[in-house]
Amino acid sequence: MKTLHKLFLVTLVASLSFTACKSEKQAETQEETTTETTATEQKSEATENTATVVLNANLATAEELKGIGMSEELAAKVIENRPYLTLADFAAQLGEDVSKENLYKKIFVPFNLNTTPEADFKQIPGVGDKMAHEFEEYRPYTSVAQFRKEIGKYVDEAQVEYYLNYVFVPVELNTASKEDIKALPGVGDRMTHEFEEYRPYTSMEQFRKEIGKYVDDKELARLERLVYLKQ
């Protein structure tokens with residue numbers, strides 16, 4: 001009888017151990033599957049993001065605006081009320097019926113990396129708490145190259161380029177390199193040359209006077225947002 005009792009206990013312990021191991025194995029498998037799924041989703045989201053062309057609300061043409069689904073009336077209104085110095089200014093033109101979360105995947109007013117509140121960075125599609133913190137963590141940015149280097153620690157090059165649809169690094173008028181000036185939204189070779197041509201700048205009033213020879217008041221207001229002078 002004692003032998004049978006002992007055998008029963010051994011069998012019971014073995015059974016419980018097997019069940020526990022099986023449950024643990026199932027939990028590990030489920031965790032691995034969840035991790036793989038999350039990684040796949042993140043990769044898929046990054047691929048979707050980097051494949052998207054994001055328009056600048058201050059530069060998009062009427063055809064481009066209609067191409068992302070804006071009505072002709074709204075597109076005309078958006079163009080008429082430029083420049084948008086903040087994303088909130090642009091959002092105010094859209095009305096309550098427009099899904100801004102979806103629209104911001106297609107068009108945006110780029111954020112100044114050095115002055116935008118961390119919480120506002122989360123309005124960028126695909127940017128959550130962690131990445132918004134990293135954007136803020138490396139301030140002050142002195143160049144786009146610095147942004148690429150620091151944020152490139154967390155995401156691949158294509159994703160960094162995607163983020164650059166949504167942010168910019170302001171440049172110091174008297175010291176910025178040609179490359180950094182050209183990295184500003186909507187600033188090409190010709191305007192880069194004009195920025196450099198009038199150095200040294202002694203005041204923002206001088207900048208307005210000289211660059212105002214080439215652009216209208218609205219474009220001048222937009223460009224002024226992208227630059228500064230050391231005091």
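Before I turn to the packing, let me say that by contact I mean heavy atoms within 4.5 Å of one another. With that settled, please keep in mind that what we have here is a predicted model.

I would like to start with helix H13, which runs over residues 217-224 and in which Leu220, Arg222 and Leu223 are buried. Those three residues cover an arc of only 160° around the axis, and that is why they sit on the same side of H13. As for what they meet there, the buried residues of H13 pack against helix H11, residues 189-197, against helix H12, residues 204-211, and against strand S6, residues 227-228.

Let me move now to the nonpolar cores. In the largest of them, which has 41 residues, the members that touch the most other members are Met70, Phe90, Phe135, Phe147 and Val167. Two or more residues of this core are given by each of helix H3 (72-80), helix H4 (87-94), strand S2 (107-108), helix H7 (129-137), helix H8 (144-151) and helix H9 (157-163). H4 provides the largest share, which is four residues.

Which residues does Phe147 touch, if we leave out those up to four places away in sequence? Phe147 touches Leu113, Phe135, Tyr141, Gly152, Val160, Tyr163, Leu164 and Val167. There is also a second, separate core of 20 residues, and among its members are Leu173, Ile181, Tyr198 and Leu223. Leu223, you will recall, is one of the buried residues of H13. As general background, nonpolar side chains in soluble globular proteins tend to be buried together.

When the whole structure is searched, one cavity of 30 Å³ or more is found, and the largest cavity holds about 40 Å³ of space. Its lining is made of Asn56, Asn58, Pro110, Phe168, Pro185, Arg222, Arg225 and Leu226, and by residue type this lining divides into four nonpolar, two polar and two charged.

Conventions. Residues numbered from 1 in each chain as written. Predicted model: local features only at pLDDT ≥ 70, side-chain atom pairs only at ≥ 80, totals over all residues. Heavy atoms only, no water. 1 Å grid on protein atoms, 1.4 Å probe; cavity = no way out; pocket = protein on both sides within 12 Å on 5 of 7 lines; lining within 4 Å. Points joined across faces, edges and corners; volume = space filled by probe spheres on them. Nonpolar A, V, L, I, M, F, W, Y, C, P; charged D, E, K, R; others polar. Core = buried A, V, L, I, M, F, W, Y, C linked by side-chain atoms within 4.5 Å. Buried < 20%, exposed > 50% of the residue type's maximum accessible area, 1.4 Å probe, protein only. Arc of directions from axis to C-beta.
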